[in-house]
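Work through these exercises with the structure open beside you. Try each task before you read its solution.

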Amino acid sequence: MITIGVTGGIAAYKVIDVASALKKLGYEIQVVMTKNSTEFAAPLAFATITGKPVITDMTDGDGEVLHIEIAKKSKIILIAPATANIIAKLRAGIADDFLTTMVLATKGTVVLAPAMNSNMYTNPVVQENISVLKSRGYLVIEPDSGVLACGDVGVGKLPDAVKITAYIKDLNDKPAVDQDLLGKKYLITAGRTVEAIDPMRYLSNYSTGKMGYALAEMAKDRGAEVILVSGPTNLTPPAGVTVVEVISARDMYKAVHENYTDVDVVIKAAAVADFRPKEVQAEKIKKGDDKLVLELVKNPDILKSLGDTKKNQILVGFAAESQNVIENATEKLKSKNLDIIVANNIKEEGAGFSADTNIATIIERDGTVSFIPKMSKKELANIILDKTKRGR
Ligand code: C5P
């Protein structure tokens, strides 16, 4: 069953279309409304569409413990629109009405679709509440930008019903995956770093982030809590993953170390720039002379610094090599104190940066070498994740 929790925002009326579309797809839908939301959309409209009475009150249910029953039956609870108020209550664990009490009692997946004025949405307290809920496994359908009900222009619009319906359908139809990484915390880096030269120019590389994002998605699907530290990419982060966006290698160094102590596994799939311009010019460099010499300095080796301070974490590195793959990768595994290294020969067709596939050689600390033939980055991600399980 899919339960739709409607809270008191102007966008509540739009959720009638979501309930209708999901019902037409054949799902059993139960609507739960907060008191405030009934001022914005009529319970009768939801009841007529879903063919079930709408629950608005703790006393609904004629003496049954209805909030527990609905909590147990709900595979997904979609809260749309999710106001700043419900987000704060869920973060704090307040249970003062049917919806909040039911959410506390569910083992289903909770999806929030926040919608509010953009100043409210971008308020640090709301953002912090959302990120805490994400870290607890809540999924969030990000709001759209546009003209808001109050006339302001900005982020905070409830996405249209088609988009919300597609999200819920995809989530519901995803095959059940063995939750073998439940209780584990993974820190995954992805993408490239960008090293500024002047206000308009930078040094970087061709990494797209596909391998790191595939690892994050698969780890999340298998039950892990995932922090994805990502350089700039064109990819949409997987649902339910906490994303820390970074630009430069030094930003990435900071973000990784801030999260290092309490994670079980670190996978460094990012293509970090080894060098950066010694100085970032405050003004655009003029083309005046025929020659321009840029002085570069070494970036910190993030992975090596993790290896040097490793306690119980399992450390996984990547090695993009163009020759002597096994020798070079093994040397890297040792010098960076890694547990696993995933080497690709970037010269092979179907391996490396922008492809959807990869060809890898995985070398483990005990000397085990596995040759992985060409396969999708998601399949390879699952093999790498298998190897990060201790005592497997
Ligand atoms: O030494 P090399 O750059 O080939 O090692 C690649 C591995 O080291 C990757 O896992 C990459 O994310 C990581 N790395 C890093 N910091 C750097 C350079 C590479 O963490 N400055």
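The exercises below concern a predicted model, and each task is followed by a worked solution.

**Exercise 1. The whole chain**

Task: Describe the protein chain by its helices and strands, its box and its buried share.

Solution: 
- Step 1. Count the elements. The protein chain has 13 helices and 19 strands.
- Step 2. Take the extent along the principal axes. The C-alpha atoms fill a box of roughly 75 × 55 × 35 Å.
- Step 3. Check burial. The chain has 392 residues, and 49% of them count as buried.
- Step 4. Look at contacts between residues at least 6 apart in sequence. Of these, 66% join residues at least 24 apart.

**Exercise 2. A covered helix**

Task: Find out which residues of α5 are buried and what they pack against.

Solution: 
- Step 1. Locate the helix. α5 spans residues 98–105.
- Step 2. Judge its cover. Six of its eight residues are buried, so the helix is mostly covered.
- Step 3. Name them. The buried residues are Phe-98, Leu-99, Thr-100, Thr-101, Met-102 and Val-103.
- Step 4. List the packing partners. Three are strands: β1 (2–6), β2 (29–33) and β3 (76–82) are among them. The buried residues also pack against α3 (66–73), α4 (84–92) and β4 (109–114).

**Exercise 3. A residue in β4**

Task: Is Leu-112 buried or exposed, and which residues is Leu-112 in contact with?

Solution: 
- Step 1. Leu-112 belongs to strand β4.
- Step 2. Apply the cut-off. Buried means under 20% relative accessible area. Leu-112 has 0%, so Leu-112 is buried.
- Step 3. Set aside neighbours within four places in sequence. Leu-112 then touches Ile-79, Ala-82, Ile-87, Leu-90, Leu-133, Tyr-138, Leu-139, Val-140 and Ile-141.
- Step 4. Compare sequence with space. Thr-83 is 29 residues from Leu-112 along the chain, and their C-alpha atoms are separated by 9.3 Å.

**Exercise 4. Nonpolar cores**

Task: Identify the residues with the most contacts inside the largest nonpolar core.

Solution: 
- Step 1. Recall the background. In soluble globular proteins, nonpolar side chains tend to be buried together.
- Step 2. Size the core. The largest nonpolar core holds 31 residues.
- Step 3. Find the main contributor. α9 gives the largest share, seven residues.
- Step 4. Follow Tyr-186. Beyond four places in sequence, its contacts include Leu-181, Ala-224, Val-226, Ile-227, Val-265 and Ile-267.
- Step 5. Look for another core. A second, separate one has 30 residues, including Ala-41, Ala-47, Val-54 and Ile-164.

**Exercise 5. Salt bridges**

Solution: 
- Step 1. Start with the total. The count comes to 23 salt bridges.
- Step 2. Asp-173 and Lys-169 meet at 2.8 Å, N to O. Asp-173 is partly exposed at 41%, and Lys-169 is partly exposed at 32%.
- Step 3. Lys-336 and Asp-301 meet at 2.9 Å, N to O. Lys-336 is buried at 16%, whereas Asp-301 is partly exposed at 34%.
- Step 4. The closest N and O atoms of Asp-339 and Lys-310 are 2.8 Å apart. Asp-339 is buried at 17%.
- Step 5. Look for shared partners. Asp-180, Arg-222, Asp-386 and Lys-389 join into one network.

**Exercise 6. The second largest pocket**

Task: Describe the space and the lining of the second largest pocket.

Solution: 
- Step 1. Give the volume. The pocket holds about 850 Å³ of space.
- Step 2. Go to the centre. Of its 33 lining residues, Ala-270, Ala-271, Val-272, Phe-318 and Ala-320 are the closest to it.
- Step 3. Sort the lining. There are 15 nonpolar, ten polar and eight charged residues.
- Step 4. Trace the elements. α9 (210–221), α11 (302–308) and β16 (314–321) each supply at least two lining residues.

Definitions and conventions
Residues are numbered from 1 along each chain as its sequence is written. This is a predicted model: local features need pLDDT of at least 70, side-chain atom pairs count only at pLDDT 80 or more; totals for chains, interfaces and linings use all residues. Side-chain values use heavy atoms; hydrogens and water are left out. On a 1 Å grid over the protein atoms alone, a cavity is a set of points where a 1.4 Å probe fits but cannot get out, and a pocket is an open set with protein on both sides within 12 Å along at least five of seven lines; lining residues have an atom within 4 Å of a point. Grid points are joined across faces, edges and corners, and a volume is the space filled by probe spheres set on the points. Helices (H or I, at least four residues) and strands (E, at least two) are DSSP runs, numbered from the N terminus. Ala, Val, Leu, Ile, Met, Phe, Trp, Tyr, Cys and Pro count as nonpolar, Asp, Glu, Lys and Arg as charged, and the others, Gly among them, as polar. A salt bridge is a side-chain nitrogen of Lys or Arg within 4 Å of a carboxyl oxygen of Asp or Glu. Buried means under 20% relative accessible area, exposed over 50%, partly exposed in between (1.4 Å probe, protein chains only). Contact means heavy atoms within 4.5 Å. A nonpolar core is a set of buried Ala, Val, Leu, Ile, Met, Phe, Trp, Tyr and Cys residues joined through side-chain atoms within 4.5 Å.
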